[in-house]
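Work through the two exercises below with the sequence and the model side by side, and try each task before reading its solution.

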Amino acid sequence: MSGFVKEVLPREEALNFVSEILSFPWDVNTYKLDLLSAVGKRLAEDIYANEDYPPFSRSTRDGYAVRAEDTLGSSQGYPSFLTVVGEIPMGAVPNIKVSEGEAALVYTGGAIPEGADAVVMVEHTSVLQNTLEVRKSVQRGENIICKGEDVAKGKLLLKKNSIFDFRSASLLSGLGISKINILDLSVGVVSTGDEVVPEDTPFVEPGKIRDSNSTMIGALLKREGYQVRKYGIALDDLEDLMKLTNKAMDENDVVILSGGSSVSSRDFTIDVMNNIGEPGLVLRGLNISPGKPTLVGGNKNNRKLLIGLPGHPLSCSVVMLTFVLSLLASMIGAEKDTLWQKKIFIPAGKDIYGRSGVEEFIPAVLNGETVYPSMAKSGFISALRSADGLVRLPENRETVRKGEPVEVWLW
Ligand SMILES: Nc1nc2c(c(=O)[nH]1)N[C@H]1C(S)=C(S)[C@@H](COP(=O)(O)OP(=O)(O)OC[C@H]3O[C@@H](n4cnc5c(N)ncnc54)[C@H](O)[C@@H]3O)O[C@H]1N2
Ligand code: MOO
(Lines give C-alpha, C1' and ligand atoms only; values in the text may rest on other atoms or scores of the structure.)
(Ligands and ions follow the chains in the order given, each with its own letter.)
Protein backbone atom coordinates (compact mmCIF):
# COMPACT_ATOMS: atom_id res chain seq x y z
CA MET A 1 0.00 0.00 0.00
CA SER A 2 1.19 3.48 -0.83
CA GLY A 3 0.28 4.79 2.64
CA PHE A 4 -1.21 7.78 0.83
CA VAL A 5 -4.91 7.10 0.48
CA LYS A 6 -7.34 10.00 0.13
CA GLU A 7 -10.72 9.77 1.84
CA VAL A 8 -13.99 11.11 0.41
CA LEU A 9 -12.73 13.70 -2.04
CA PRO A 10 -14.95 16.03 -4.09
CA ARG A 11 -15.43 14.49 -7.54
CA GLU A 12 -13.31 16.96 -9.55
CA GLU A 13 -10.55 16.85 -6.96
CA ALA A 14 -10.67 13.05 -7.00
CA LEU A 15 -10.29 13.02 -10.78
CA ASN A 16 -7.24 15.26 -10.58
CA PHE A 17 -5.75 13.41 -7.63
CA VAL A 18 -6.07 9.93 -9.19
CA SER A 19 -4.81 11.20 -12.55
CA GLU A 20 -1.77 12.71 -10.88
CA ILE A 21 -0.89 9.88 -8.51
CA LEU A 22 -1.20 7.29 -11.28
CA SER A 23 0.66 9.56 -13.76
CA PHE A 24 -2.09 9.70 -16.39
CA PRO A 25 -2.20 9.65 -19.36
CA TRP A 26 -1.05 6.09 -19.95
CA ASP A 27 -0.03 4.66 -23.30
CA VAL A 28 -2.68 2.28 -24.53
CA ASN A 29 -2.29 -0.33 -27.28
CA THR A 30 -3.79 0.30 -30.68
CA TYR A 31 -4.92 -1.83 -33.58
CA LYS A 32 -6.09 -1.30 -37.14
CA LEU A 33 -9.68 -1.72 -38.24
CA ASP A 34 -11.59 -1.22 -41.47
CA LEU A 35 -14.08 1.67 -41.35
CA LEU A 36 -17.27 -0.28 -40.77
CA SER A 37 -15.73 -2.30 -37.94
CA ALA A 38 -14.38 0.91 -36.38
CA VAL A 39 -17.81 2.55 -35.97
CA GLY A 40 -18.39 3.40 -32.30
CA LYS A 41 -14.72 3.02 -31.39
CA ARG A 42 -12.11 5.60 -30.42
CA LEU A 43 -9.40 6.84 -32.75
CA ALA A 44 -5.86 6.26 -31.58
CA GLU A 45 -4.38 9.06 -33.70
CA ASP A 46 -5.18 12.32 -35.45
CA ILE A 47 -6.17 11.70 -39.06
CA TYR A 48 -5.10 14.13 -41.79
CA ALA A 49 -6.17 14.38 -45.44
CA ASN A 50 -3.43 12.91 -47.58
CA GLU A 51 -4.93 14.34 -50.76
CA ASP A 52 -7.36 16.98 -52.02
CA TYR A 53 -11.07 16.32 -52.31
CA PRO A 54 -12.31 16.33 -54.91
CA PRO A 55 -9.06 15.29 -56.55
CA PHE A 56 -9.99 17.24 -59.71
CA SER A 57 -12.49 20.04 -60.46
CA ARG A 58 -15.84 18.43 -61.27
CA SER A 59 -19.22 19.41 -62.64
CA THR A 60 -22.20 19.09 -60.28
CA ARG A 61 -24.69 19.18 -63.18
CA ASP A 62 -25.26 17.73 -66.62
CA GLY A 63 -24.56 20.64 -68.96
CA TYR A 64 -21.86 22.56 -70.80
CA ALA A 65 -18.53 23.67 -69.42
CA VAL A 66 -18.01 27.29 -70.42
CA ARG A 67 -16.13 30.47 -69.56
CA ALA A 68 -18.59 32.37 -67.33
CA GLU A 69 -17.77 35.68 -69.00
CA ASP A 70 -18.99 34.28 -72.36
CA THR A 71 -22.50 33.89 -70.89
CA LEU A 72 -22.71 37.38 -69.39
CA GLY A 73 -26.21 38.85 -69.85
CA SER A 74 -27.62 35.69 -71.46
CA SER A 75 -31.36 35.24 -71.02
CA GLN A 76 -34.39 33.71 -72.66
CA GLY A 77 -34.84 36.77 -74.87
CA TYR A 78 -31.11 37.47 -75.39
CA PRO A 79 -29.30 34.14 -75.59
CA SER A 80 -25.60 33.89 -76.31
CA PHE A 81 -24.17 31.45 -78.82
CA LEU A 82 -21.09 29.28 -78.27
CA THR A 83 -19.33 26.59 -80.27
CA VAL A 84 -19.41 23.05 -78.86
CA VAL A 85 -15.87 21.66 -79.12
CA GLY A 86 -16.56 18.17 -77.79
CA GLU A 87 -17.76 15.95 -74.96
CA ILE A 88 -15.92 15.15 -71.71
CA PRO A 89 -15.84 11.39 -71.16
CA MET A 90 -16.70 10.22 -67.62
CA GLY A 91 -13.86 8.78 -65.57
CA ALA A 92 -11.15 10.21 -67.80
CA VAL A 93 -8.96 13.29 -68.02
CA PRO A 94 -10.37 15.66 -70.66
CA ASN A 95 -8.18 16.22 -73.71
CA ILE A 96 -10.35 19.19 -74.71
CA LYS A 97 -9.62 22.83 -73.88
CA VAL A 98 -12.35 25.49 -73.74
CA SER A 99 -11.31 28.83 -75.23
CA GLU A 100 -13.21 32.08 -75.71
CA GLY A 101 -16.64 31.44 -77.29
CA GLU A 102 -16.44 27.67 -76.76
CA ALA A 103 -18.28 25.06 -74.68
CA ALA A 104 -17.85 21.33 -73.94
CA LEU A 105 -20.56 18.84 -73.03
CA VAL A 106 -20.00 17.54 -69.49
CA TYR A 107 -21.95 15.19 -67.20
CA THR A 108 -22.52 15.34 -63.44
CA GLY A 109 -19.23 14.34 -61.81
CA GLY A 110 -17.24 14.82 -65.03
CA ALA A 111 -13.94 16.72 -65.06
CA ILE A 112 -13.95 20.41 -65.95
CA PRO A 113 -11.74 21.00 -68.99
CA GLU A 114 -8.95 23.55 -68.95
CA GLY A 115 -10.18 27.07 -69.70
CA ALA A 116 -13.75 26.52 -68.43
CA ASP A 117 -14.80 28.01 -65.09
CA ALA A 118 -18.57 27.29 -64.90
CA VAL A 119 -21.22 24.89 -66.16
CA VAL A 120 -24.53 25.89 -67.75
CA MET A 121 -27.25 23.35 -67.01
CA VAL A 122 -28.42 21.46 -70.06
CA GLU A 123 -32.03 22.68 -69.56
CA HIS A 124 -30.90 26.26 -70.12
CA THR A 125 -29.40 25.42 -73.49
CA SER A 126 -30.27 23.95 -76.85
CA VAL A 127 -27.87 22.75 -79.44
CA LEU A 128 -28.08 22.74 -83.18
CA GLN A 129 -25.17 20.95 -84.85
CA ASN A 130 -22.15 22.54 -83.11
CA THR A 131 -23.86 25.73 -82.01
CA LEU A 132 -24.97 26.03 -78.42
CA GLU A 133 -27.68 28.49 -77.45
CA VAL A 134 -27.23 29.62 -73.82
CA ARG A 135 -30.34 31.14 -72.24
CA LYS A 136 -29.03 31.82 -68.76
CA SER A 137 -25.83 33.43 -67.58
CA VAL A 138 -23.62 31.63 -65.05
CA GLN A 139 -21.16 32.99 -62.47
CA ARG A 140 -17.55 31.83 -62.18
CA GLY A 141 -17.51 28.55 -60.23
CA GLU A 142 -21.23 27.93 -60.72
CA ASN A 143 -22.12 24.22 -60.88
CA ILE A 144 -18.50 23.24 -60.19
CA ILE A 145 -16.74 21.79 -57.14
CA CYS A 146 -13.10 22.82 -57.47
CA LYS A 147 -10.17 20.52 -56.71
CA GLY A 148 -9.61 20.62 -52.93
CA GLU A 149 -12.65 22.86 -52.33
CA ASP A 150 -14.28 20.35 -49.97
CA VAL A 151 -11.12 19.05 -48.26
CA ALA A 152 -7.65 20.47 -48.75
CA LYS A 153 -4.66 18.12 -48.58
CA GLY A 154 -3.06 18.27 -45.13
CA LYS A 155 -6.24 19.26 -43.28
CA LEU A 156 -6.89 17.71 -39.85
CA LEU A 157 -9.97 15.56 -40.35
CA LEU A 158 -10.50 13.69 -37.11
CA LYS A 159 -8.95 14.10 -33.69
CA LYS A 160 -7.30 11.41 -31.63
CA ASN A 161 -9.67 9.99 -29.00
CA SER A 162 -12.81 11.02 -30.84
CA ILE A 163 -15.38 8.35 -31.60
CA PHE A 164 -15.61 7.22 -35.19
CA ASP A 165 -19.18 7.39 -36.49
CA PHE A 166 -21.27 7.65 -39.65
CA ARG A 167 -20.45 11.36 -40.06
CA SER A 168 -16.84 10.60 -40.87
CA ALA A 169 -17.33 7.40 -42.84
CA SER A 170 -17.86 9.02 -46.22
CA LEU A 171 -15.08 11.54 -45.53
CA LEU A 172 -12.43 8.87 -44.95
CA SER A 173 -13.71 6.54 -47.69
CA GLY A 174 -13.58 9.35 -50.23
CA LEU A 175 -10.00 10.12 -49.29
CA GLY A 176 -8.85 6.52 -49.58
CA ILE A 177 -8.38 6.00 -45.84
CA SER A 178 -9.92 2.57 -45.45
CA LYS A 179 -8.20 1.38 -42.27
CA ILE A 180 -7.72 3.39 -39.10
CA ASN A 181 -5.86 3.00 -35.84
CA ILE A 182 -8.21 2.33 -32.96
CA LEU A 183 -7.57 2.61 -29.25
CA ASP A 184 -7.43 -0.85 -27.72
CA LEU A 185 -8.67 -0.05 -24.23
CA SER A 186 -10.42 -2.98 -22.63
CA VAL A 187 -12.35 -3.00 -19.40
CA GLY A 188 -13.16 -6.13 -17.42
CA VAL A 189 -16.30 -6.05 -15.27
CA VAL A 190 -16.70 -8.18 -12.15
CA SER A 191 -19.88 -8.19 -10.06
CA THR A 192 -19.69 -9.19 -6.42
CA GLY A 193 -22.10 -10.42 -3.80
CA ASP A 194 -23.42 -13.74 -2.49
CA GLU A 195 -26.93 -12.53 -3.27
CA VAL A 196 -26.19 -11.59 -6.88
CA VAL A 197 -27.05 -14.10 -9.61
CA PRO A 198 -26.50 -13.92 -13.40
CA GLU A 199 -28.94 -11.82 -15.39
CA ASP A 200 -30.14 -14.83 -17.36
CA THR A 201 -31.32 -16.64 -14.21
CA PRO A 202 -34.95 -17.51 -15.04
CA PHE A 203 -36.20 -17.95 -11.50
CA VAL A 204 -34.60 -16.01 -8.68
CA GLU A 205 -34.65 -17.62 -5.25
CA PRO A 206 -35.83 -15.48 -2.33
CA GLY A 207 -33.04 -13.26 -1.11
CA LYS A 208 -31.18 -13.27 -4.43
CA ILE A 209 -31.10 -10.45 -7.00
CA ARG A 210 -30.11 -10.51 -10.68
CA ASP A 211 -26.90 -8.80 -11.76
CA SER A 212 -28.20 -5.62 -13.38
CA ASN A 213 -25.00 -3.62 -12.95
CA SER A 214 -22.45 -5.32 -15.15
CA THR A 215 -24.45 -4.96 -18.36
CA MET A 216 -25.22 -1.32 -17.54
CA ILE A 217 -21.50 -0.68 -16.94
CA GLY A 218 -20.65 -2.47 -20.19
CA ALA A 219 -23.30 -0.57 -22.15
CA LEU A 220 -21.95 2.80 -21.00
CA LEU A 221 -18.37 1.81 -21.75
CA LYS A 222 -19.26 0.60 -25.22
CA ARG A 223 -21.03 3.89 -25.89
CA GLU A 224 -17.75 5.62 -25.04
CA GLY A 225 -15.85 3.46 -27.52
CA TYR A 226 -14.15 1.00 -25.16
CA GLN A 227 -14.06 -2.79 -25.24
CA VAL A 228 -15.80 -4.66 -22.47
CA ARG A 229 -15.45 -8.16 -21.03
CA LYS A 230 -17.70 -9.51 -18.32
CA TYR A 231 -16.20 -11.87 -15.73
CA GLY A 232 -19.33 -12.97 -13.89
CA ILE A 233 -19.97 -12.76 -10.17
CA ALA A 234 -17.50 -13.15 -7.32
CA LEU A 235 -18.71 -14.41 -3.95
CA ASP A 236 -18.25 -12.28 -0.82
CA ASP A 237 -15.00 -14.11 -0.21
CA LEU A 238 -11.52 -12.66 -0.51
CA GLU A 239 -10.04 -15.62 -2.36
CA ASP A 240 -12.85 -15.74 -4.93
CA LEU A 241 -12.80 -11.98 -5.48
CA MET A 242 -9.00 -11.96 -5.76
CA LYS A 243 -9.01 -14.81 -8.27
CA LEU A 244 -11.59 -13.22 -10.56
CA THR A 245 -10.08 -9.75 -10.24
CA ASN A 246 -6.57 -11.01 -11.04
CA LYS A 247 -7.81 -12.83 -14.11
CA ALA A 248 -9.67 -9.72 -15.27
CA MET A 249 -6.59 -7.54 -14.60
CA ASP A 250 -4.34 -9.88 -16.56
CA GLU A 251 -6.62 -9.60 -19.56
CA ASN A 252 -7.63 -5.91 -19.44
CA ASP A 253 -6.30 -2.39 -18.85
CA VAL A 254 -9.05 -1.50 -16.42
CA VAL A 255 -11.17 -3.60 -14.07
CA ILE A 256 -14.44 -2.42 -12.56
CA LEU A 257 -15.85 -4.18 -9.53
CA SER A 258 -19.53 -3.64 -8.81
CA GLY A 259 -20.65 -3.94 -5.19
CA GLY A 260 -18.70 -4.73 -2.09
CA SER A 261 -17.44 -1.23 -1.43
CA SER A 262 -19.61 -0.32 1.57
CA VAL A 263 -18.71 -0.54 5.22
CA SER A 264 -19.45 -4.22 5.86
CA SER A 265 -17.84 -5.68 2.76
CA ARG A 266 -15.33 -3.08 1.69
CA ASP A 267 -12.43 -4.77 3.40
CA PHE A 268 -12.37 -7.44 0.71
CA THR A 269 -12.25 -4.88 -2.07
CA ILE A 270 -9.64 -2.86 -0.22
CA ASP A 271 -7.55 -6.00 0.35
CA VAL A 272 -7.77 -6.76 -3.36
CA MET A 273 -6.80 -3.17 -4.22
CA ASN A 274 -3.78 -3.44 -1.98
CA ASN A 275 -2.64 -6.64 -3.66
CA ILE A 276 -2.37 -5.32 -7.20
CA GLY A 277 1.05 -3.64 -6.85
CA GLU A 278 2.06 -0.03 -6.28
CA PRO A 279 0.42 2.22 -5.28
CA GLY A 280 -2.65 -0.01 -4.74
CA LEU A 281 -5.62 1.74 -3.15
CA VAL A 282 -5.45 5.52 -3.66
CA LEU A 283 -8.99 6.79 -3.14
CA ARG A 284 -11.61 5.72 -0.64
CA GLY A 285 -14.86 7.59 -1.17
CA LEU A 286 -16.28 10.38 -3.31
CA ASN A 287 -18.15 13.31 -1.90
CA ILE A 288 -21.14 12.67 -4.13
CA SER A 289 -24.61 11.31 -3.60
CA PRO A 290 -25.44 8.71 -4.54
CA GLY A 291 -22.11 6.98 -4.97
CA LYS A 292 -20.01 7.80 -1.95
CA PRO A 293 -18.56 4.30 -1.43
CA THR A 294 -16.38 4.39 -4.55
CA LEU A 295 -12.82 3.03 -4.45
CA VAL A 296 -9.92 3.52 -6.84
CA GLY A 297 -6.61 1.72 -7.00
CA GLY A 298 -3.95 1.10 -9.57
CA ASN A 299 -0.66 -0.46 -10.53
CA LYS A 300 1.51 2.21 -12.11
CA ASN A 301 4.19 -0.12 -13.45
CA ASN A 302 1.81 -2.48 -15.21
CA ARG A 303 -0.60 0.34 -16.05
CA LYS A 304 -3.67 -1.26 -14.56
CA LEU A 305 -6.57 0.65 -13.07
CA LEU A 306 -9.00 -0.92 -10.59
CA ILE A 307 -12.28 0.76 -9.65
CA GLY A 308 -14.77 -0.38 -7.01
CA LEU A 309 -18.33 0.89 -7.47
CA PRO A 310 -21.27 0.85 -5.07
CA GLY A 311 -23.65 -2.05 -5.65
CA HIS A 312 -26.92 -0.10 -5.60
CA PRO A 313 -27.87 0.13 -9.29
CA LEU A 314 -28.60 3.87 -9.41
CA SER A 315 -25.48 4.70 -7.37
CA CYS A 316 -23.43 2.50 -9.67
CA SER A 317 -24.83 4.26 -12.79
CA VAL A 318 -24.30 7.73 -11.33
CA VAL A 319 -20.66 7.02 -10.47
CA MET A 320 -20.08 5.57 -13.92
CA LEU A 321 -21.62 8.64 -15.59
CA THR A 322 -20.12 11.34 -13.44
CA PHE A 323 -16.74 9.94 -12.46
CA VAL A 324 -15.58 6.74 -14.15
CA LEU A 325 -16.05 7.91 -17.73
CA SER A 326 -14.11 11.10 -16.96
CA LEU A 327 -11.40 9.08 -15.21
CA LEU A 328 -10.99 6.82 -18.24
CA ALA A 329 -10.89 9.90 -20.49
CA SER A 330 -8.09 11.26 -18.33
CA MET A 331 -6.32 7.90 -18.45
CA ILE A 332 -6.17 7.95 -22.25
CA GLY A 333 -5.37 11.68 -22.41
CA ALA A 334 -8.77 12.82 -23.73
CA GLU A 335 -10.90 15.71 -22.52
CA LYS A 336 -12.31 14.92 -19.08
CA ASP A 337 -15.79 15.96 -20.16
CA THR A 338 -17.05 12.75 -21.67
CA LEU A 339 -19.04 12.42 -24.84
CA TRP A 340 -22.43 12.05 -23.18
CA GLN A 341 -22.23 15.19 -21.07
CA LYS A 342 -24.24 18.01 -22.63
CA LYS A 343 -24.63 20.53 -19.83
CA ILE A 344 -27.50 23.02 -19.76
CA PHE A 345 -29.03 25.39 -17.21
CA ILE A 346 -32.83 25.29 -17.13
CA PRO A 347 -35.51 26.38 -14.62
CA ALA A 348 -36.64 23.77 -12.11
CA GLY A 349 -40.29 22.74 -12.61
CA LYS A 350 -40.70 22.30 -8.85
CA ASP A 351 -38.67 22.75 -5.69
CA ILE A 352 -35.65 20.45 -5.49
CA TYR A 353 -34.38 19.72 -2.01
CA GLY A 354 -30.67 19.17 -1.71
CA ARG A 355 -28.18 18.69 1.08
CA SER A 356 -25.36 21.14 1.44
CA GLY A 357 -21.83 19.78 1.73
CA VAL A 358 -22.22 17.05 -0.87
CA GLU A 359 -22.50 17.12 -4.67
CA GLU A 360 -25.78 15.51 -5.64
CA PHE A 361 -27.02 13.95 -8.87
CA ILE A 362 -30.74 13.39 -9.35
CA PRO A 363 -32.33 11.69 -12.36
CA ALA A 364 -34.47 14.28 -14.11
CA VAL A 365 -37.06 14.62 -16.84
CA LEU A 366 -37.26 17.62 -19.16
CA ASN A 367 -40.72 19.00 -19.77
CA GLY A 368 -40.65 21.83 -22.25
CA GLU A 369 -38.61 24.62 -20.73
CA THR A 370 -38.37 23.13 -17.24
CA VAL A 371 -36.79 20.15 -15.53
CA TYR A 372 -38.38 17.83 -12.95
CA PRO A 373 -36.41 15.61 -10.61
CA SER A 374 -37.64 12.05 -10.30
CA MET A 375 -38.00 10.53 -6.85
CA ALA A 376 -35.60 7.62 -7.10
CA LYS A 377 -33.90 5.53 -4.44
CA SER A 378 -30.37 4.33 -5.08
CA GLY A 379 -31.58 0.71 -5.16
CA PHE A 380 -33.90 1.41 -8.14
CA ILE A 381 -33.14 -0.04 -11.57
CA SER A 382 -35.80 2.00 -13.40
CA ALA A 383 -34.65 5.50 -12.42
CA LEU A 384 -32.70 6.32 -15.57
CA ARG A 385 -35.02 4.67 -18.07
CA SER A 386 -37.36 7.63 -18.45
CA ALA A 387 -34.91 10.33 -17.38
CA ASP A 388 -33.34 12.76 -19.85
CA GLY A 389 -30.30 13.34 -17.71
CA LEU A 390 -29.08 14.18 -14.22
CA VAL A 391 -29.68 17.36 -12.25
CA ARG A 392 -26.42 18.37 -10.57
CA LEU A 393 -26.57 20.20 -7.26
CA PRO A 394 -23.07 21.42 -6.37
CA GLU A 395 -21.75 20.97 -2.83
CA ASN A 396 -22.78 24.48 -1.83
CA ARG A 397 -26.35 24.30 -3.17
CA GLU A 398 -29.09 23.19 -0.84
CA THR A 399 -32.60 23.88 -2.13
CA VAL A 400 -33.52 25.00 -5.61
CA ARG A 401 -36.84 26.81 -5.76
CA LYS A 402 -39.30 26.27 -8.59
CA GLY A 403 -38.31 28.55 -11.49
CA GLU A 404 -34.66 28.90 -10.44
CA PRO A 405 -32.12 27.67 -12.99
CA VAL A 406 -30.48 24.36 -12.23
CA GLU A 407 -27.64 22.50 -13.97
CA VAL A 408 -28.67 19.43 -15.97
CA TRP A 409 -26.34 16.94 -17.64
CA LEU A 410 -28.20 15.46 -20.58
CA TRP A 411 -27.50 12.03 -22.05
N1 LIG B 1 -24.38 0.91 7.52
C2 LIG B 1 -24.18 1.37 6.31
N3 LIG B 1 -24.74 0.75 5.28
C4 LIG B 1 -24.55 1.22 4.05
C5 LIG B 1 -23.79 2.37 3.85
C6 LIG B 1 -23.19 2.99 4.94
O7 LIG B 1 -22.49 4.00 4.83
N8 LIG B 1 -23.41 2.43 6.16
N9 LIG B 1 -23.68 2.87 2.57
C10 LIG B 1 -24.80 2.60 1.71
C11 LIG B 1 -24.54 3.07 0.41
S12 LIG B 1 -24.59 4.73 0.21
C13 LIG B 1 -24.39 2.24 -0.66
S14 LIG B 1 -24.30 2.86 -2.23
C15 LIG B 1 -24.29 0.81 -0.50
C16 LIG B 1 -23.05 0.33 -1.19
O17 LIG B 1 -22.85 -0.96 -0.88
P18 LIG B 1 -21.76 -1.88 -1.58
O19 LIG B 1 -20.99 -1.11 -2.56
O20 LIG B 1 -20.99 -2.62 -0.56
O21 LIG B 1 -22.64 -2.82 -2.39
P22 LIG B 1 -23.34 -4.09 -1.90
O23 LIG B 1 -23.60 -4.09 -0.45
O24 LIG B 1 -22.63 -5.19 -2.51
O25 LIG B 1 -24.70 -3.83 -2.63
C26 LIG B 1 -25.57 -2.80 -2.31
C27 LIG B 1 -26.92 -3.16 -2.92
O28 LIG B 1 -26.82 -3.31 -4.32
C29 LIG B 1 -27.21 -4.61 -4.75
N30 LIG B 1 -26.30 -5.06 -5.79
C31 LIG B 1 -25.02 -5.37 -5.65
N32 LIG B 1 -24.51 -5.75 -6.84
C33 LIG B 1 -25.47 -5.70 -7.72
C34 LIG B 1 -25.55 -5.98 -9.10
N35 LIG B 1 -24.47 -6.38 -9.78
N36 LIG B 1 -26.73 -5.80 -9.73
C37 LIG B 1 -27.81 -5.39 -9.03
N38 LIG B 1 -27.81 -5.09 -7.71
C39 LIG B 1 -26.66 -5.25 -7.06
C40 LIG B 1 -27.04 -5.44 -3.52
O41 LIG B 1 -27.85 -6.58 -3.53
C42 LIG B 1 -27.40 -4.49 -2.41
O43 LIG B 1 -28.80 -4.41 -2.28
O44 LIG B 1 -24.20 0.45 0.86
C45 LIG B 1 -25.16 1.13 1.68
N46 LIG B 1 -25.13 0.58 2.98
O1 MOO C 1 -23.87 6.43 -1.94
MO2 MOO C 1 -25.04 5.28 -1.93
O3 MOO C 1 -24.24 5.20 -3.38
O4 MOO C 1 -25.88 6.83 -1.72
O5 MOO C 1 -26.59 4.87 -2.40
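**Exercise 1: a charged patch**

Asp194, Glu195, Asp236, Asp237 and Glu239 together form a negative surface patch. The model is predicted, so that local features need pLDDT of at least 70 and side-chain atom pairs count only at pLDDT 80 or more, while totals for chains, interfaces and linings use all residues. Residues are numbered from 1 along each chain as its sequence is written, chains are lettered from A and ligands numbered from 1 in the order in which they are written, and side-chain values use heavy atoms, with hydrogens and water left out.

Task: state where Asp237 lies and whether Asp237 is buried or partly exposed.

Solution: Asp237 is found in the loop between strand E17 (227-234) and helix H5 (238-251). Its relative accessible area is 34%, which makes Asp237 partly exposed (buried means under 20%, exposed over 50%, partly exposed in between, with a 1.4 Å probe and protein chains only).

**Exercise 2: strand E22 and its neighbours**

Task: determine how strand E22 is covered and how strands E18 and E21 run relative to E22.

Solution: Begin with cover, where six of the six residues of E22 (residues 304-309) are buried. Lys304, Leu306 and Gly308 point one way, whereas Leu305, Ile307 and Leu309 point the other way. In a regular strand the side chains alternate between the two faces of the sheet.

Next, E18 (residues 254-258) runs parallel to E22 and is joined to E22 by five bridges, with Ser258 opposite Leu309.

Finally, E21 (residues 295-299) runs antiparallel to E22, also through five bridges, and Asn299 has Lys304 as its bridge partner. In the hairpin of E21 and E22, four residues lie between the strands, and Arg303 takes a positive phi near 55°.

Definitions and conventions
Patch = residues over 30% accessible without salt bridge, like charges linked within 9 Å, V, L, I, M, F, W, Y side chains within 5 Å. Areas by Shrake-Rupley, 256 points an atom, 1.4 Å probe, with all protein chains shown as cover. Salt bridge = Lys/Arg side-chain N within 4 Å of Asp/Glu carboxyl O. Lys, Arg positive; Asp, Glu negative; His and termini not counted. Charge placed at Lys NZ, Arg CZ, Asp CG, Glu CD. Helix = DSSP H or I, 4+ residues; strand = E, 2+ residues; numbered from the N terminus. Pairing = 2+ DSSP bridges.
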